[in-house]
Amino acid sequence: MYDRSTQVDRSADSINFGIGQPDFALLPHALMRRVAAERFAEGDTELLNYGFPQGDGRFRWALADFLSRGYCGPVPPQQLMITAGASQALNLLCTLLTRPGDTVFVEEPSYFLALRIFQEDHRLNAVPVPTDEHGLEPAAVKEALTRHNPTFLYTIPTYQNPTGRTLPHSRRQELLALAEKHDFLIVADEVYHLLDFGTPPPAPFAFAADSGRALSLGSFSKILAPGLRLGWVQTSAQRARQFAASGLVDSGGGLNQFTSNLVRVALEGGGQRDYLDGLRREYRQRVQAMDAALHKHIGDRATWTLPRGGFFFWLTCAESLDTTALLAAAASANVGFLPGPRCSSVNGLSHCLRLCFAHYAIPEIEEGIRRLGQVFDSIQ
Ligand SMILES: Cc1ncc(COP(=O)(O)O)c(C=O)c1O
């Protein structure tokens, strides 16, 4: 199978750390089979009908309760609008809030497919804002604001894709103050927020939803299963109603009526909570295994920080190393990764690369990093 995102053949022996998806072997087949049977047994017609525009009411209440526990703070169901995943939500908000040529601020680096939605699908002017080891730099945002007037700033504040870094609370507050002063929206892609490995992250931007300055995107893709195509937007009740009144929703009804009805049973019965706890335990071990393998096989040829959640390691190599060229060499050693320029809105960061630790079990992680070490050896 050819993987278009990394140009690496996913044949039997290939280990492609460029794939930023959950491990197929960990997907919740038994849980989903059980909740589907329970939901069908309830016997009403709602399940297969068009859904309520903002999303099924019972599901939004169950989701609000789940998020209130996960975020350690109240999440009002009125602020939730159900979507078919974070990508679809990004697309919807670009459709409703922007016109081609509008400016949006993006982190440098950022999630490569969000960049495509902005730049290619919606023809927006994506202006990169530098980040450091703590994420987005408020001073850099301030500086960019002297030259641009963005409609929104897109950030992945917690366990960022691709760097794994988390924005501290104080910076979140500074960004919100800037958004207020300069009248732009913060679009916080918080799909990894609940995927911590022990230490809870700072409060999500979701808590600022009521102010109208921040809009938070969430998804079940990383905490349950991506094939469900189920996510949510948390925003002011007024904006949630605006989204729900879009032509898309008016025509098709609530954005994922069937799946949300099944997942509601997983939320109410505790199945989602237990599954997520298991994922955290598994990923914590995979992070440790990848870190140990990187120390053993890559050593001081790159620097990285240990991720405290999410999916990714971000390696910074010598400035002279071109990771796009390195990927070609890696392909012949049957190992893959995402080169830095794919995560840049300006084709920069050629000496960096992203590794996903979520997709493979520990033996493949160890073998894949061993192969990567050999690729580094071969270019010395
Ligand atoms: C930061 C970020 N946002 C959104 C997505 C896609 O989310 P969804 O599957 O809910 O569309 C991903 C998946 O890799 C991601 O890393």
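This is a predicted model: local features need pLDDT of at least 70, side-chain atom pairs count only at pLDDT 80 or more; totals for chains, interfaces and linings use all residues.
How do E13 and E16 pair, in the parallel or the antiparallel sense, and over how many bridges? E13 and E16 pair in the antiparallel sense, and five bridges join them. Residues are numbered from 1 along each chain as its sequence is written.

View 1. The chain is divided into domain 1 (2–20 + 275–378) and domain 2 (29–272), with bounds that come from an automatic or database domain assignment. The C-alpha centres of domain 1 and domain 2 lie 26 Å apart. The contact takes 27 residues from domain 1 and 30 residues from domain 2, two residues being in contact if their C-beta atoms, placed from the backbone, lie within 7 Å. On the side of domain 1 that touches domain 2, H10 and E13 each supply at least two residues, and the largest share, seven residues, comes from H10. By class, that side of domain 1 has 14 nonpolar, eight polar and five charged residues, where Ala, Val, Leu, Ile, Met, Phe, Trp, Tyr, Cys and Pro count as nonpolar, Asp, Glu, Lys and Arg as charged, and the others, Gly among them, as polar.

**View 2. Helix H10 and what covers it.** Helices (H or I, at least four residues) and strands (E, at least two) are DSSP runs, numbered from the N terminus. The expected span of a helix is 1.5 Å times one less than its number of residues; for the 27 residues of helix H10 (residues 271–297) this gives 39 Å, which agrees with the 39 Å between its end C-alpha atoms. The buried residues of H10 include Tyr275, Leu279, Tyr283, Arg286 and Met290, a residue being buried if 20 or more other C-beta atoms lie within 10 Å of its own, exposed if 12 or fewer, and partly exposed in between, with C-beta atoms placed from the backbone. Among the elements that cover the buried residues of H10 are helix H1 (29–41), H2, helix H9 (257–268), strand E13 (312–317) and helix H12 (362–378). Glycine 299, which follows H10, has a positive phi, near 55°.

**View 3. The four-stranded sheet around E13.** Four strands form an open sheet in the order E12-E13-E16-E15, and the pairing is antiparallel; two strands pair if DSSP finds at least two bridges between them. The edge strands are E12 and strand E15 (338–339), each of which pairs on one side only. Threonine 316 of E13 is the bridge partner of threonine 303, and threonine 316 also stands opposite cysteine 352 in E16. E13 is mostly covered, with five of its six residues buried.

**View 4. The eight-stranded sheet and strand E9.** Eight strands form an open sheet in the order E4-E11-E10-E9-E8-E5-E6-E7, with mixed pairing. Strand E4 (80–83) and strand E7 (135–136) stand at the edges, each with a single partner strand, so one side of each is left without a neighbour in the sheet. Strand E5 (residues 103–108) and strand E8 (residues 152–155) pair in the parallel sense over three bridges, and valine 104 stands opposite phenylalanine 152 in E8. Four bridges join E8 to E9, which run parallel, and threonine 155 has alanine 188 in E9 as its bridge partner. Strand E9 (residues 185–189) is largely enclosed by the rest of the structure, because five of its five residues are buried. Leu185, Val187 and Asp189 point one way from E9, whereas Ile186 and Ala188 point the other way.

**View 5. The shell around the ligand.** Of the 13 residues around the ligand, Gly85, Ala86, Ser87, Ser219 and Ser221 come nearest, a residue being near a molecule or strand if its C-beta atom, placed from the backbone, lies within 6 Å of it. By class, the shell has five nonpolar, seven polar and one charged residues.

**View 6. Aspartate 65 in helix H2.** Aspartate 65 is found in helix H2 (residues 57–71). Aspartate 65 counts as partly exposed because it has 14 C-beta neighbours inside 10 Å.
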